[in-house]
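Me: I would like to go through the packing of this protein with you. Could we begin with the nonpolar side chains?

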Amino acid sequence: MSDYAARRTMMVDTQIRPSDVTKFPIIDAMLDVPREAFVPANLREAAYIGENLEIGGGRTLLEPRSLAKMLDALEVQPHHVALDLGCGLGYSTAVLARMCDFVVGLEDDEARMEEAQTLLSEQGVDNAAVMIADLTEGAAKSGPYDIILIQGAVEFVPDALLAQLREGGRIACIFAEGALGVVRIGHKIDGNVNWRFAFNAGAPVLPGFHKPPAFAL
């Protein structure tokens with residue numbers, strides 16, 4: 001067993017399972033996907049620490065616990081099509097791709113988008129594609145989606161994104177509120193998204209997802 005494989009097992013045993021994440025598809029995917037392959041080379045030694053990792057360009061690799069608990073709350077199924085928003089270098093896209101039918105990763109930077117696509121190809125992930133667009137606009141042409149996962153915090157969710165969620169679909173977001181962020185799962189029912197509290201987690205707010213300042217006379 002390689003050192004990284006041992007660290008992956010340790011990550012699952014000390015960060016994922018103790019957080020009440022027990023679904024086999026999540027455990028298997030996080031044991032299977034080499035997290036160290038989806039971070040800049042200088043951060044590989046830090047790939048398995050239990051905290052968010054700045055991977056450059058304003059992007060954050062969410063701590064393993066946060067990602068696993070979001071996937072758990074989303075109830076990802078093998079037939080689902082997912083949108084992974086702000087996918088960074090593609091780790092979360094690779095994990096999702098192990099669990100569902102197809103994943104669209106979205107980035108707003110061409111170099112990062114190309115690197116993510118290359119890394120996914122190198123890892124043999126053939127049921128995912130990384131696209132480039134303004135993150136607040138999503139990727140409507142490839143939708144609608146059963147699952148939308150946002151890799152970073154938000155202060156609000158644009159209607160354009162919610163419109164890309166299929167009826168009965170689910171979206172997971174970290175809302176930046178107070179000292180601790182709040183993860184909520186949105187369920188689309190009768191065309192409306194109803195949000196429910198899932199757990200607390202924090203992350204930097206993604207570009208474009210800050211609330212505009214309130215206008216005052």
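Me: Which residues touch the most other members of the largest nonpolar core?
Reply: In this predicted model, the largest nonpolar core has 53 residues, and Met30, Leu71, Tyr91 and Val95 touch the most other members. Helix α4 (residues 91-99) supplies the largest share of this core, 6 residues.

Me: What does Leu71 touch, leaving out residues up to four places away in sequence?
Reply: Leu71 touches Ile26, Val76, Val95, Leu96, Met99 and Leu149. Apart from this core lies another one, of 21 residues, including Ile150, Ile171, Cys173 and Phe175.

Me: On to aromatics. How many aromatic pairs does the structure hold?
Reply: There are 3 aromatic pairs. In one of them, the ring centres of Phe175 and Trp195 are 5.1 Å apart and the planes stand at 90°, so the pair is edge-to-face.

Me: Where do Phe175 and Trp195 lie?
Reply: Phe175 belongs to strand β7 (residues 165-175) and Trp195 to strand β9 (residues 192-200), so the pair ties together parts that are 20 residues apart in sequence.

Me: And is Phe175 buried or exposed?
Reply: Phe175 is buried, as its relative accessible area is 9%. Trp195, by contrast, is partly exposed, with a relative accessible area of 30%.

Me: Which charged end sits over the ring of Phe175?
Reply: That of Arg184, which is 5.2 Å from the centre of the Phe175 ring.

Me: Back to Tyr91: which residue lies over the face of that ring?
Reply: Arg35 lies over the face of Tyr91, at 4.9 Å from the ring centre. Tyr91 is also one of the residues that touch the most other members of the largest nonpolar core.

How values were computed:
Residues are numbered from 1 along each chain as its sequence is written. This is a predicted model: local features need pLDDT of at least 70, side-chain atom pairs count only at pLDDT 80 or more; totals for chains, interfaces and linings use all residues. Side-chain values use heavy atoms; hydrogens and water are left out. A nonpolar core is a set of buried Ala, Val, Leu, Ile, Met, Phe, Trp, Tyr and Cys residues joined through side-chain atoms within 4.5 Å. Buried means under 20% relative accessible area, exposed over 50%, partly exposed in between (1.4 Å probe, protein chains only). Helices (H or I, at least four residues) and strands (E, at least two) are DSSP runs, numbered from the N terminus. Contact means heavy atoms within 4.5 Å. Rings of Phe, Tyr and Trp (its six-membered ring) pair if their centres lie within 6.5 Å; planes under 30 degrees apart count as stacked, over 60 as edge-to-face and the rest as tilted. A charge sits over a ring if NZ of Lys or CZ of Arg is within 6 Å of the ring centre and within 35 degrees of the ring normal.
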